[in-house]
Amino acid sequence: MAAPRSFLWSRRIFLTLLTGFVLLPVYVMVSSSLKPLADVSGKFQWIPSGLTLRPYLDIWETVPLADYFVNSLVVAGTATVCSLVVAVFAAYAVSRYAFRGKRVFTVTVLSTQMFPGILFLLPLFLLYVNIGNATGIALFGSRGGLILTYLTFSLPFSIWMLIGYFDAVPRDLDEAAKVDGCGPLGALLRVVVPAAVPGIVAVGVYAFMTAWGEVLFASVMTTDTTRTLAVGLQGYATQNDVYWNQVMAASLVVSVPVVAGFLLLQRYLVTGLTAGAVK
């Protein structure tokens with residue numbers, strides 16, 4: 001039965017308005033990044049009177065954006081890989097084996113998502129400072145300390161999500177792998193992980209995006225040499241002026257890795273978001 005014409009037109013109008021609502025900020029960012037600073041600081045013009053690529057060149061000189069870019073890539077990439085490796089083994093153990101304290105472990109993992117991240121800021125800060133004073137291991141102000149910080153709130157969610165994905169993989173595959181001579185580790189790496197690739201990719205994208213755009217912990221746990229992009233963008237605001245055209249240009253540049261990764265992994269991400277929803 002065909003839908004009424006009124007419904008079709010209502011849907012078109014709604015989708016058009018929604019598309020405009022989403023693309024309008026993007027247009028403002030792009031147009032502002034191509035304007036001279038005087039035009040951006042004045043009254044906003046929907047149609048720029050003059051365009052320039054100078055802001056995209058100046059962003060690398062006004063602040064050490066390249067260093068911030070490397071720091072963000074190292075921290076976000078390492079945190080994502082570590083989170084996935086630990087979450088895969090932990091989720092597989094919970095999904096396939098019965099052990100004492102299993103329910104307590106899963107409830108504890110899930111309950112960590114109930115608390116806002118700011119509650120962990122001061123305890124982690126004091127913990128890192130005390131560890132540094134006692135052992136000489138510099139966690140505060142280092143990339144390693146920031147990676148551990150991001151693992152505290154990305155790892156529990158990754159474990160919980162992968163438990164559902166692994167539960168959706170038939171246990172018969174494990175048994176078939178064991179018949180062929182694989183042990184538990186071989187069954188996990190050769191059978192279960194390939195079958196759960198969409199879910200693992202979805203969790204990895206979440207972990208990377210969480211670490212890439214995090215501001216609160218990065219603003220406290222880093223120094224001038226370990227600062228990430230999310231915090232480094234504040235360098236375009238000085239006591240005398242704010243380089244709005246460079247802020248917009250830098251914001252577009254730093255979003256390229258996330259957007260490119262999303263487009264490349266889109267088919268895995270869409271499948272992974274629905275995998276494990278129904279056992």
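Visitor: What are the ground rules?

Guide: Residues are numbered from 1 along each chain as its sequence is written, and side-chain values use heavy atoms, without hydrogens or water. As this is a predicted model, local features need pLDDT of at least 70 and side-chain atom pairs pLDDT 80 or more, while totals for chains, interfaces and linings use all residues.

Visitor: Why is H7 called roughly antiparallel to H10?

Guide: Helix H7 (residues 143–168) and helix H10 (residues 197–212) pack at about 165°, with axes 10 Å apart. Axes are lines fitted to C-alpha atoms over the stretch in contact, and angles run from 0 to 180 degrees between N-to-C directions. Angles over 145 degrees count as roughly antiparallel, under 35 as roughly parallel, 65 to 115 as roughly perpendicular and the rest as oblique. Therefore H7 is roughly antiparallel to H10.

Visitor: Which residues of H7 and H10 make the contact?

Guide: Contact means heavy atoms within 4.5 Å. Among them are Tyr150, Phe153 and Phe157 of H7 and Ile200, Val203 and Tyr206 of H10.

Visitor: What makes H5 oblique to H7?

Guide: The axes of helix H5 (residues 102–111) and H7 cross at roughly 125° and come within 8 Å. That angle makes H5 oblique to H7. Phe105, Thr106, Val109 and Leu110 in H5 meet Pro156, Ile159, Trp160 and Ile163 in H7.

Visitor: How do you know that aspartate 58 and arginine 54 meet in a salt bridge?

Guide: A salt bridge needs a side-chain nitrogen of Lys or Arg within 4 Å of a carboxyl oxygen of Asp or Glu. Here the N to O distance is 3.0 Å, so the pair meets the definition. Both residues lie in helix H3 (residues 54–62), four residues apart, about one turn of the helix. The whole structure has two salt bridges.

Visitor: What makes Phe14, Leu15, Leu18, Phe21, Val22, Leu23, Val26 and Val30 a patch?

Guide: Patch residues have over 30% relative accessible area and no salt bridge; nonpolar side chains (Val, Leu, Ile, Met, Phe, Trp, Tyr) are joined within 5 Å, like charges within 9 Å. These residues form a nonpolar patch with about 760 Å² of accessible area together, by the Shrake-Rupley method with a 1.4 Å probe, only the protein chains shown counting as cover. Leucine 23 is found in helix H1 (residues 5–33); helices are DSSP runs (H or I, at least four residues), numbered from the N terminus.

Conventions:
Helices (H or I, at least four residues) and strands (E, at least two) are DSSP runs, numbered from the N terminus.
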